[in-house]
Amino acid sequence: MENVVILGTGMAGLTAAVYTARASLSPLVLGGPEDGGQLGLTTDVENFPGFPEGVQGPELIAMAKKQAERFGARIKQAAAVRFERKGNNFALTLDDDSTIDARAVIVATGASARWLGIESEKKYRGRGVTTCATCDGALFRGKEVVVVGGGDSAMEESIFLTKFCTKVTIIHRRDAFRASRILRDRALKNPRIKVRWNSVIEEVLGDGKKVTGVRLKDTKSGKAADFKTDGVFLAIGHIPNTKIFEGILKLDGNGYLKIDSRMRTNMPGVFGAGDVHDTVYRQAVTAAGAGCAAAIEAEKYLESLEA
Ligand code: NAP
């Protein structure tokens with residue numbers, strides 16, 4: 001029987017691992033299909049305090065793993081495919097068919113950015129195609145980029161990118177944004193932002209090393225044309241990794257885990273941290289803070305079982 005199982009090796013999960021390990025709980029941390037979470041997909045992280053010169057996302061993850069292991073955390077590369085309550089405890093089935101029983105669980109499974117699903121975006125992922133303006137925007141200083149999407153994220157990211165980029169073109173598949181009026185207006189008023197309505201990216205173009213453009217298809221006429229750009233920012237939504245909790249833990253309408261101000265889910269002994277519940281900040285540092293809080297709450301919960 002494990003004291004605490006932490007699902008996720010992103011910043012939330014690994015911070016929870018450092019804290020629960022230092023509390024002598026010997027946590028078991030399970031890394032899912034996206035080891036390292038969103039940081040595992042990022043290059044330069046320039047906004048994580050303590051790294052004045054910045055740090056590579058995967059390097060930050062590797063250091064956090066090492067730090068957690070130093071205090072006795074065990075990290076296993078296996079995804080949980082089934083979650084059940086078993087009396088006062090919890091049973092997890094892993095993708096290698098093994099099962100684990102735990103007294104407490106911290107869900108830090110994150111949210112995965114939605115991708116277009118075309119082959120060429122995979123080829124240029126991290127080489128001009130990105131899903132995080134906050135993380136990668138500064139790398140495009142003085143360049144021209146496109147942002148795909150018509151929601152609040154696309155507006156916010158486009159506005160943010162004008163701090164660095166000379167031109168930001170929003171590519172939207174329809175002729176109207178779903179974004180809130182305030183963000184929509186702010187984006188449309190910005191002289192550095194242009195919009196290509198009724199357009200979808202058919203292909204990301206590049207020279208083999210970096211993005212050089214996109215092939216756009218007009219959804220009305222069906223005509224395709226190449227469009228020069230240095231970067232492609234996808235802002236077409238996120239998908240929280242909560243599938244195994246459906247019908248068991250309380251989720252919001254978009255599938256995000258519902259937790260209270262003390263990181264507790266609706267099930268005593270199960271806590272949530274990071275992008276799996278955060279629809280607002282989604283930063284490495286806020287995920288770390290949430291992981292810390294969830295660990296402290298899990299520790300208190302386990303103590304209460306012994307009282
Ligand atoms: P969203 O509201 O779901 O918008 C996603 C956008 O991407 C939509 O415009 C959608 O087009 C487009 N899209 C989806 N799949 C696509 C595909 N395969 N190809 C091309 N376009 C595609 O997602 P979000 O903007 O990330 O926002 C998520 C939630 O967070 C929302 O509730 C939002 O209000 C909130 N949020 C709030 C703020 C804020 O208030 N400051 C900031 C960011 C996010 P269609 O419109 O045609 O469906």
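The charged end of arginine 125 sits over the ring of tryptophan 115, 3.7 Å from its centre. Arginine 22 has its charged end over the ring of phenylalanine 71, 5.3 Å from the ring centre. Here a charge sits over a ring if NZ of Lys or CZ of Arg is within 6 Å of the ring centre and within 35 degrees of the ring normal.

The model is predicted: local features need pLDDT of at least 70, side-chain atom pairs count only at pLDDT 80 or more, and totals for chains, interfaces and linings use all residues. Residues are numbered from 1 along each chain as its sequence is written, and side-chain values use heavy atoms, with hydrogens and water left out.

The ligand is surrounded by 15 residues (a heavy atom within 4 Å). By class, this shell has four nonpolar residues (Ala, Val, Leu, Ile, Met, Phe, Trp, Tyr, Cys and Pro), five charged (Asp, Glu, Lys and Arg) and six polar (the others, Gly among them). Polar contacts, pairs of N or O atoms within 3.5 Å, include those in the table.

| Side chain | Ligand atom | Distance |
|---|---|---|
| glutamate 156 | nitrogen | 2.7 Å |
| arginine 173 | oxygen | 2.9 Å |
| arginine 174 | oxygen | 2.7 Å |

Rings of Phe, Tyr and Trp (its six-membered ring) pair if their centres lie within 6.5 Å; planes under 30 degrees apart count as stacked, over 60 as edge-to-face and the rest as tilted. The count is seven aromatic pairs. Phenylalanine 83 and phenylalanine 245 are edge-to-face, 5.2 Å centre to centre with 70° between the planes. Phe83, Phe90 and Phe245 form one aromatic cluster.

Note on methods: Polar contact = N/O pair within 3.5 Å; in protein donor to acceptor, adjacent residues only side chain to side chain.
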